[in-house]
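Here's a quick tour of one model, with an eye on its sheet and its aromatic rings. Have the viewer open and follow along.

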Amino acid sequence: QHFSLGYNGNRVVITNLTVENEVPIPLDGGSLYFTYSVRWTESHIMYEQRFRRYLDNQFFEHKIHWFSIFNSFMMVIFLAGLVFTILSRTLKADYQRYARERDDMDEEKEFQEDSGWKQVHADVFRVPSYPALFCALIGTGYQLAFMVFAILMVSIWTLVYTSRGALLTYCIIVWAATSYIAGYYSGSMFSAYSAISPVLG
């Protein structure tokens with residue numbers, strides 16, 4: 001092992017490790033010899049800025065794996081199509097039955113009762129127990145979704161990791177900028193519940 005150390009004054013600011021002449025370890029035991037060498041070089045990097053080299057673009061030689069992104073995208077489309085197919089086949093019989101003419105439906109109701117999703121269709125428009133809290137949570141969820149999407153877009157187009165605390169700063173800025181989204185969706189949902197329930201209005 002070869003150590004390359006950089007110093008500024010009496011402090012080490014750069015450390016590089018290079019492994020050479022690798023030797024396989026015998027399974028039956030034996031003697032192992034560890035050797036190393038050290039080379040000291042003077043550096044002009046300040047001790048407080050010793051971590052900036054790890055934030056450099058050249059240090060992270062990352063490459064975008066377009067095939068993996070495309071594979072993940074196609075997997076999401078496939079799963080969404082599979083779920084849509086299962087739901088459409090499950091609800092197909094109910095759609096056909098409730099799409100018939102009124103006379104046929106009246107005749108069937110004498111012998112058959114509602115089943116499946118038709119039994120809970122009225123619960124969709126039922127006002128929850130705590131409508132204000134529910135609407136606030138829904139609006140906050142929309143705000144979080146928009147914030148995550150915006151942060152992802154910023155991370156794609158810019159280098160967020162180059163400066164310390166940049167990601168947290170972007171999150172706070174985007175959260176404050178998207179506050180009107182939470183208010184809009186919360187107010188819209190609460191007004192819809194107010195129209196249904198005369199107590200809220």
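In what order do the 3 strands of the open sheet sit? The order is β2-β1-β3, and the pairing is mixed. Keep in mind that this is a predicted model. The edges belong to β2 (11-18) and β3 (37-42), each of which pairs on one side only. On average, neighbouring strands here are turned by 20° against each other, direction ignored.

Now zoom in on β1, residues 2-8: it runs parallel to β3, and 6 bridges join the two.

On to the rings. There are 4 aromatic pairs in the structure. One of them is F3 with Y36, an edge-to-face pair with centres 6.3 Å apart and 80° between the planes. F3 lies in strand β1 while Y36 sits in the loop between β2 and β3, so this pair ties together parts 33 residues apart in sequence.

| Residue | Relative accessibility | Class |
|---|---|---|
| F3 | 24% | partly exposed |
| Y36 | 60% | exposed |

Y36 counts as exposed because its 60% is over the 50% cut-off.

Y142, Y184 and Y185 form one aromatic cluster. And R11 lies over the face of Y47, at 4.3 Å from the ring centre.

Notes:
Residues numbered from 1 in each chain as written. Predicted model: local features only at pLDDT ≥ 70, side-chain atom pairs only at ≥ 80, totals over all residues. Heavy atoms only, no water. Pairing = 2+ DSSP bridges. Helix = DSSP H or I, 4+ residues; strand = E, 2+ residues; numbered from the N terminus. Axes fitted to C-alpha atoms, helices over the stretch in contact; angles between N-to-C directions. Phe/Tyr/Trp six-rings, centres within 6.5 Å; stacked < 30°, edge-to-face > 60°. Buried < 20%, exposed > 50% of the residue type's maximum accessible area, 1.4 Å probe, protein only. Lys NZ or Arg CZ within 6 Å of the ring centre and 35° of its normal.
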